[in-house]
Amino acid sequence: MTEMQQRTRRVLVLGATGGIGSAVARGLLRRGWQVRALNRNAATAAQAEPAFDWRQGDAMNADDVRTAAEGVDLIVHAVNPPGYRNWGTLVLPMLDNTIAAAKATGARILLPGTIYNFGRDAFPVLTEDAPQNPDTDKGLIRREMERRLKDASEAGVGVIIVRAGDFFGPGAANNWFSQGLIKPGRALGAISYPGREGIGHQWAYLPDVAETMIRLVERAEDLPPFAVYHMRGFLDRNGTEMIAAIRRVVGKPALPVRAFPWWLIDLASPFVPLFRELRKMRYLWREPLRMPNERLLAVLGEEPHTPIDEAVATTLVGLGCLNAPRALPQGIAAG
């Protein structure tokens, strides 16, 4: 065993109430890590997840982050402004605080990456080292985040970045699956699909993403200082396979599919920040995309992968669209 494996390992999670942050935190807790989490309302957060060591503070406050990071081996930077608001003023300062804390404590940084920092010129086969020429302001910020982390790695901070497709899962609320394809909290009467048949799309099941990140953390000492990996996830090869999986899970082979109302997004985007950002990301539904995972396989040997019907069923149960376990098709687990 390594020294880190022999002693109790500690992690600070920024964004522990979010989908990916909470999934990684719970996974590390099951592995025996002590999980510390920073939150602006720690007392309330502790009621929802009492197993974490909640610390009162704000990711925008450098002293709060530095104090919370004392003695940790890893900082999970999974914090984002809600609703696509104030990205330009909040995202980079929060990351700078994480980098400063990591430099002061010797902790490694784990970042859930995105594909927003890539533009159309990197498609349709998106590799880890593809040129980053983003088409959006959010993409520019994401590119700058990775540049700052690369600089930090050259200054001695270990960095792990895992990029994946569109998240879906029982604890993932702010994503295309739960906000575009279906309506949470009700039985499905139809599917709304933002893309079109023939255009491949990359999906990532949140528990699989979290497990991948944790396995990489467990092998951190064998990774390069700046370690970036892509997940293959679930590749919908022609824009119909996710729809087919949803139909199978709910037992409705003729469940209607409607075109996503892009016209409404266009009309309301000047007034609604979320719609404005969704409109900018439309190219991700118009361009085919595939993310090879050979680099990840070379390290882990395999990519954690939940069968798509099981992943969709668990997601729909978690979103209140499907009863469990009675309503699940035979052979599909509820969780």
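Tutor: Helices (H or I, at least four residues) and strands (E, at least two) are DSSP runs, numbered from the N terminus. This is a predicted model, in which local features need pLDDT of at least 70 and side-chain atom pairs count only at pLDDT 80 or more, while totals for chains, interfaces and linings use all residues. Residues are numbered from 1 along each chain as its sequence is written, and side-chain values use heavy atoms, with hydrogens and water left out.

Student: How many salt bridges are there?

Tutor: Side chains of opposite charge can pair when their charged atoms come close. A salt bridge is counted when a side-chain nitrogen of Lys or Arg lies within 4 Å of a carboxyl oxygen of Asp or Glu. By this rule the count is 20.

Student: In which helix do Glu-144 and Arg-148 lie?

Tutor: These two residues form a salt bridge, with their closest N and O atoms 2.8 Å apart. Glu-144 and Arg-148 are four residues apart, about one turn of the helix, and both lie in helix H6.

Student: Is Arg-148 buried, exposed or partly exposed?

Tutor: Buried means under 20% relative accessible area, exposed over 50%, and partly exposed in between (1.4 Å probe, protein chains only). Arg-148 has a relative accessible area of 23%, so the residue is partly exposed.

Student: How many residues apart are Lys-280 and Asp-137?

Tutor: Their side chains meet in a salt bridge (3.7 Å, N to O). Lys-280 is in helix H11 (residues 273-280) and Asp-137 in helix H6 (residues 137-154), so the pair links distant parts of the chain, 143 residues apart.

Student: Which residues are linked with Arg-215 in a network of salt bridges?

Tutor: Arg-215 forms a salt bridge with Glu-302, the closest N and O atoms lying 3.2 Å apart. Because Arg-215 is in helix H8 (residues 206-218) and Glu-302 in the loop between helix H13 (294-300) and helix H14 (308-318), the pair ties together parts 87 residues apart in sequence. Linked with Arg-215 in the network are Arg-31, Glu-211, Glu-218 and Glu-302.

Student: At roughly what angle do the axes of helix H9 and H14 cross?

Tutor: Axes are lines fitted to C-alpha atoms, for helices over the stretch in contact (heavy atoms within 4.5 Å), and angles run from 0 to 180 degrees between N-to-C directions. The axes of helix H9 (residues 241-250) and H14 come within 9 Å, and their crossing angle is roughly 65°.
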